[in-house]
Amino acid sequence: MKYTYTCKKVSLNNSIKDYAEKKISKLEKYLRDDNAAVHVLFSVEKDHLCAVEVTIRDGGTLLRAQTEAPDGDMRGAVDAAVGYIERQILKNKTRLSKRLRSEGFPPPAPADDFEVAEEKEFPIVRTKRFAVKPMSAEEAILQMNLLDHSFFVFRSSEDDSLSIVYKRKSGGYGLIVTDEEE
């Protein structure tokens with residue numbers, strides 16, 4: 001796996017990065033590509049909360065976890081993030097097995113460790129249709145806030161791409177811009 005580290009509002013020694021690499025490498029058995037890209041973001045939030053965000057891109061599959069730990073416990077935040085991703089994989093293993101190596105799944109964990117409930121279906125309970133109008137990202141954010149939604153789909157007036165604005169948990173807004181597949 002290829003690792004990329006980013007530190008925001010904190011400087012870390014190599015022992016924390018080595019620890020993160022050791023823990024994340026345990027997820028390698030689930031991945032199909034030995035050259036999966038791993039991005040780890042270390043940061044310190046207000047009230048001395050250590051935050052770790054782990055993003056693993058394995059071909060077309062994207063796995064992501066964002067966790068926090070109190071009082072400078074960066075190792076605890078790394079453990080929580082890796083555990084979250086592993087539970088994500090186990091919970092969705094039937095769907096992900098088509099994309100990930102199916103032989104890489106370990107036998108089920110004992111029931112006393114943690115409970116994994118596998119969802120059989122995703123029932124669609126409502127379908128909405130609406131016209132996607134060209135507008136700027138600022139107009140889309142305004143429209144999203146007027147509707148009191150957490151995201152809004154629109155067509156960018158700049159480049160005519162399908163885009164999405166959303167509210168971030170940490171505050172502020174995010175923008176997703178789609179590209180045409182080549």
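Me: Which residues of helix α1 are buried?

Reply: Please keep in mind that this is a predicted model. A residue counts as buried when its relative accessible area is under 20%, and in helix α1, which covers residues 14-24, the buried ones are Ile16, Tyr19, Ala20 and Ile24. Seen down the axis of α1, these buried residues fall within an arc of 125 degrees, so they line one face of the helix.

Me: What does the face of α1 turned away from its buried side carry?

Reply: That face carries the exposed residues Asn14 and Lys22, whereas the buried residues of α1 pack against the strands β1 (2-8), β2 (37-44) and β3 (50-58) and also against helix α2 (74-91).

Me: Which residues of the largest nonpolar core touch the most other members?

Reply: This core has 28 residues, and those that touch the most other members are Ile24, Phe42, Val52, Val54, Ile56 and Ile85. Two or more residues come from each of α1, β2, β3, β4 (61-69) and α2, and α2 gives the most, with eight residues. If we leave out residues up to four places away in sequence, the contacts of Val52 include Val40, Phe42, Ala65, Met74 and Val78. There is also a second, separate core of seven residues, among them Ile141, Phe152, Phe154 and Val165.

Me: Which residues form a nonpolar patch on the surface?

Reply: Phe130, Val132 and Leu162 form such a patch, and together they have about 240 Å² of accessible area; Phe130 lies in the loop between α3 (93-96) and β5 (134-135).

Methods. Residues numbered from 1 in each chain as written. Predicted model: local features only at pLDDT ≥ 70, side-chain atom pairs only at ≥ 80, totals over all residues. Heavy atoms only, no water. Buried < 20%, exposed > 50% of the residue type's maximum accessible area, 1.4 Å probe, protein only. Helix = DSSP H or I, 4+ residues; strand = E, 2+ residues; numbered from the N terminus. Arc of directions from axis to C-beta. Contact = heavy atoms within 4.5 Å. Core = buried A, V, L, I, M, F, W, Y, C linked by side-chain atoms within 4.5 Å. Patch = residues over 30% accessible without salt bridge, like charges linked within 9 Å, V, L, I, M, F, W, Y side chains within 5 Å. Areas by Shrake-Rupley, 256 points an atom, 1.4 Å probe, with all protein chains shown as cover. Salt bridge = Lys/Arg side-chain N within 4 Å of Asp/Glu carboxyl O.
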